[in-house]
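Colleague: I've got a few minutes before group meeting. Can we go through this one together, question by question?

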Amino acid sequence: MQQSKKKKDDTSLHTFFLHHDAVSDMQLVGDTLYSGSYDCSVCKIDLQRGLVVNTFHGNDSPVHCVRESEGMLFVGNEDATITILDTKGVEEMKTLAGHRGAVTAIFPDENTLYTGARDGVIRVWDLRMHKCLKKIKVHTDPITSIHYLNGSIITSSWDGCIYIHKEGEEGKRLSMA
């Protein structure tokens with residue numbers, strides 16, 4: 001893993017050759033970039049200095065998504081697990097299991113983690129107890145994105161739908177008429 005040398009006509013600031021397979025996701029947090037790859041690794045990059053700070057190779061499963069929050073990095077894996085890493089040293093803190101397909105979407109919110117997977121299921125996790133509080137089957141195909149806002153879980157999927165689930169109410173499926 002190395003930073004490339006600039007070509008004469010290259011206008012980019014930095015080009016990193018960090019992974020040995022496709023980069024599946026990345027998240028920018030201030031001057032730090034986290035990247036996940038199908039090569040089963042996660043990299044932490046200091047963009048200000050143009051340096052790779054850490055690389056994590058703990059799980060032998062391709063990475064589908066990465067999300068940082070409050071000093072923790074949440075990694076969604078092909079083996080249906082979520083790896084929780086400490087962002088300071090990029091060391092494994094905990095692994096959550098429960099989905100029946102690759103974890104493809106993650107949204108952390110304070111002490112709660114919302115995840116979506118190829119199984120079409122939303123899981124709601126308590127990060128203090130590291131356990132699943134709720135699972136909601138909403139999509140017939142893999143979930144591609146998940147967000148949480150004002151008491152609502154919002155997901156999108158390969159099935160062409162956006163699903164909004166308000167806590168304590170029936171969910172609403174939005175699709176073309």
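This is a predicted model: local features need pLDDT of at least 70, side-chain atom pairs count only at pLDDT 80 or more; totals for chains, interfaces and linings use all residues.

Colleague: Then start with β3 and β4: which residue in β4 is the bridge partner of Leu28?

Modeller: β3 and β4 run antiparallel and are joined by six bridges. That is above the at least two bridges needed for a pair. Within this pairing, the partner of Leu28 is Leu33.

Colleague: Which strands are the edge strands of the sheet that holds those two?

Modeller: The sheet is open, with four strands in the order β3-β4-β5-β6 and antiparallel pairing. Its neighbouring strands are turned by 20° against each other on average, direction ignored. The strands that pair on one side only are β3 (23-29) and β6 (51-56).

Colleague: Let's look at the loop between β4 and β5. Is Ser41 buried or exposed?

Modeller: Ser41 sits in that loop, between β4 (32-37) and β5. Ser41 has 0%, so it counts as buried.

Colleague: Which side chain makes a polar contact of 2.8 Å with the side chain of Ser41?

Modeller: Ser41 touches His19, Ser35, Gly36, Thr55, Phe56, His57 and Val63, leaving out residues up to four places away in sequence. There is also a polar contact of 2.6 Å between the side chains of Ser41 and Asp39. The 2.8 Å contact, though, is with the side chain of His19.

Colleague: And Asp46: which residue has its backbone nitrogen 2.9 Å from a polar atom of that side chain?

Modeller: Asp46 belongs to strand β5 (residues 42-46), and at 17% relative accessibility it counts as buried. The backbone nitrogen at 2.9 Å comes from Gln48.

Colleague: Over to the sheet with β7. What is the bridge partner of Val63 in β8?

Modeller: That sheet is open too, with antiparallel pairing and the order β7-β8-β9-β10. β7 (63-69) is an edge strand, as is β10 (91-97). Six bridges join β7 to β8 (residues 72-77), and the two run antiparallel. The partner of Val63 in β8 is Asn77.

Colleague: Now β13. How many of its residues are buried?

Modeller: In a regular strand, side chains alternate between the two faces of the sheet, so both faces are worth checking. In β13, Val121, Arg123 and Trp125 are buried on one side, and Ile122, Val124 and Asp126 are buried on the other. For the strand (residues 121-126), the count is six of six.

Colleague: Which residue takes a positive phi in the hairpin of β12 and β13?

Modeller: β12 and β13 run antiparallel, joined by five bridges, and Thr112 stands opposite Asp126. Their hairpin has three residues between the strands. The residue with a positive phi, near 75°, is Gly120.

Colleague: Why does the aromatic pair of Tyr114 and Tyr148 count as stacked?

Modeller: A search of the whole structure finds one aromatic pair. Tyr114 and Tyr148 have ring centres 4.4 Å apart, and Tyr114 is in β12 (residues 112-117) while Tyr148 is in β15 (residues 143-149), 34 residues apart. Planes under 30 degrees apart count as stacked, so what decides it is the angle. For this pair, the angle between the planes is 10°.

Colleague: Last one: how far apart in space are Asn150 and Glu167, C-alpha to C-alpha?

Modeller: Asn150 is in the loop between β15 and β16 (152-157), and it is exposed, with a relative accessible area of 63%. Asn150 and Glu167 are 17 residues apart in sequence. In space, C-alpha to C-alpha, the distance is 9.5 Å.

Conventions: Residues are numbered from 1 along each chain as its sequence is written. Side-chain values use heavy atoms; hydrogens and water are left out. Rings of Phe, Tyr and Trp (its six-membered ring) pair if their centres lie within 6.5 Å; planes under 30 degrees apart count as stacked, over 60 as edge-to-face and the rest as tilted. Buried means under 20% relative accessible area, exposed over 50%, partly exposed in between (1.4 Å probe, protein chains only). A polar contact is a pair of N or O atoms within 3.5 Å; within protein, one must be able to donate a hydrogen and the other to accept it, and residues adjacent in sequence count only if both atoms are side-chain atoms. Contact means heavy atoms within 4.5 Å. Axes are lines fitted to C-alpha atoms, for helices over the stretch in contact, and angles run from 0 to 180 degrees between N-to-C directions.
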